Amino acid sequence: MMKRLLALLLLGAALHNTVYAQSINKPRLDSLLNILSSNNKTMGSLSISQNGKTIYQKAVGYSFIDSLSSQPATVQTKYRIGSISKMFTGVITFQLIEEGKLTLETTLDKFYPQMPNAANITIGQLLSHHSGLFNITNDPAFATYMTKPQTREQMLTKMAAFAPRFEPGAKFEYSNTNFIVLAYIVEKITNQPFADVVKQRVINKAGLKDTYYGGKINTANNEALSYNFADKWKIIPETDMSIPSGAGAMVSTPADLTKFAEALFNGKLISDASLAKMKPLSDYYGMAMRKIDFDGKVSYGHNGAIDGFRAELAYFPQQKLAIAYTSNGGIYSTEKILKATVSIVFNEPFTMPLYKKPDLKTEELDKYLGVYSSPDFPLKITMSKDNTTLYGQAAGQGLIRLEATGKDRFEFEPNDIVVEFDTAKGQFILKQNGGIKVFTREK
């Protein structure tokens, strides 16, 4: 009897975690994307596949916006995918390891001895962000050269100029430098440009049709430009793809990304042993791959960000389910879109976002203006306005645009910031990531 009861419980758990294509609430997914798009919260494309078959696709917004010829996005629109590129680089690195051309213990000085701590940094530490190499995209001068082509030698010189953040292996710290260097190592071993290597070793093997190493954005090739929304969509300068290389230079569609994930987990690209090493064991991040647990439903993948582009890729091995979202603009985070999609796909409770904007006049913002301080926060925050828009600015930081979402209530969605004013007391409450701080206006 006990065995039968256990079997029934296990069966029930299995059925709870099973997703059937016909059970997915497609109208609810449509509503989510339509609400976000109609309120200028996102522009992008979502694709869901199961057992190798696409079961949902939808694109919202525009691939490019022009006063004369704006182009609506389609499911064929291609987006820069940022750091999801690291998974491609990781796969190639493990292929070379399987071929005996590298090991996880091979040290960086065998290829680029000019890098700091090169003799003590291993391939495994590069893959897992334990190298201690300074993240080149945090270079204070990065904005001065990010749009200009850079040679490998120029990038190596820039990356080598910064002191290490810590001793190799001491801890995890995300650094794009790790995967730029890995791509250079791949080029040196194969004696081929990384763009050719990724095509031969990943794209062709996985059967991807709309994925490649990017160049200057070509809207005629159905490639999206990226934007920021502040009263209207404004184009964002594009990083020259000679810079991110294996850390973030790939272009793809969400349908191709789900196909890539399926190929990876079905043994078409690397061995099961190599895949096991890519997966995180106890930490959030493994080797070129992250792990996300959605209330007991485990997924593997990566996220990405470059310029105004954002992307999410999650594969659920137990359900053989892949979800990918690519975006070229909007302040509603792609991580929140992924979480919402997972909730809808698994038929779990989810509250659809609602946007009822108060119609404020410029003089109505005056009661919020001033300099505020809190004993629990090291920086003063100045509230200012530009016509009917309220802005907050911590001392020494940039302006953030606060959007009115209710009476005396404002939000900055990208960082999950909520500001609630009590004008009678001359105070506001700042809520972020579960924390609450009270700020009082200085006289």
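The protein chain contains eleven helices and 21 strands. Its radius of gyration is 24 Å, close to the 22 Å that the globule rule gives for 443 residues, so the chain is as compact as a globular protein of that length. Along the principal axes, the C-alpha atoms fill a box of roughly 70 × 65 × 55 Å. Of the 443 residues, 51% count as buried. Among the contacts with a separation of 6 or more, 62% are between residues 24 or more positions apart.

The chain averages a pLDDT of 92, and 95% of the residues score at least 70. Over residues 1–17, however, pLDDT stays under 50, and the model has six contacts beyond four places in sequence for this stretch. Where pLDDT is low, the predicted coordinates should not be read in detail.

Glycine 100, with a positive phi near 80°, follows α3.

The strands may be considered next. Strands of a sheet pair through backbone hydrogen bonds, either parallel or antiparallel. Strand β13 (residues 321–329) has nine of its nine residues buried, so it is largely enclosed by the rest of the structure. Strand β1 (residues 43–50) runs antiparallel to β13 and is joined to it by eight bridges; here isoleucine 48 stands opposite isoleucine 323. Strand β12 (residues 309–316) also pairs with β13 in the antiparallel sense, over seven bridges, with arginine 310 opposite serine 327. Four residues separate β12 from β13 in a hairpin, and lysine 320 in the turn has a positive phi of about 50°.

Elsewhere, an open sheet of three strands has the order β5-β9-β6, with antiparallel pairing. Its edge strands, β5 (79–80) and β6 (212–213), each pair on one side only. Two bridges connect β6 with β9 (residues 250–252), and tyrosine 213 has methionine 250 as its bridge partner in β9.

In the largest core, which has 66 residues, Phe88, Leu108 and Leu264 touch the most other members. Helix α7 (residues 176–190) supplies the largest share of this core, eight residues. Leucine 108 is in contact with residues including Pro113, Met115, Leu133 and Val181. A second, separate core has 28 residues, among them Leu33, Val345, Phe346 and Tyr355.

The account now returns to the opening residue. Proline 353 is placed in the loop between α11 (334–345) and β14 (370–374). Beyond residues up to four places away in sequence, proline 353 touches Leu32, Ile35, Leu36 and Tyr332. Between proline 353 and leucine 133 there are 40 Å in space, C-alpha to C-alpha, and the two are 220 residues apart in sequence.

Definitions and conventions:
Residues numbered from 1 in each chain as written. Predicted model: local features only at pLDDT ≥ 70, side-chain atom pairs only at ≥ 80, totals over all residues. Heavy atoms only, no water. pLDDT = per-residue confidence, 0-100. Contact = heavy atoms within 4.5 Å. Buried < 20%, exposed > 50% of the residue type's maximum accessible area, 1.4 Å probe, protein only. Pairing = 2+ DSSP bridges. Core = buried A, V, L, I, M, F, W, Y, C linked by side-chain atoms within 4.5 Å. Rg over C-alpha atoms; globule rule 2.2 N^0.38 Å.
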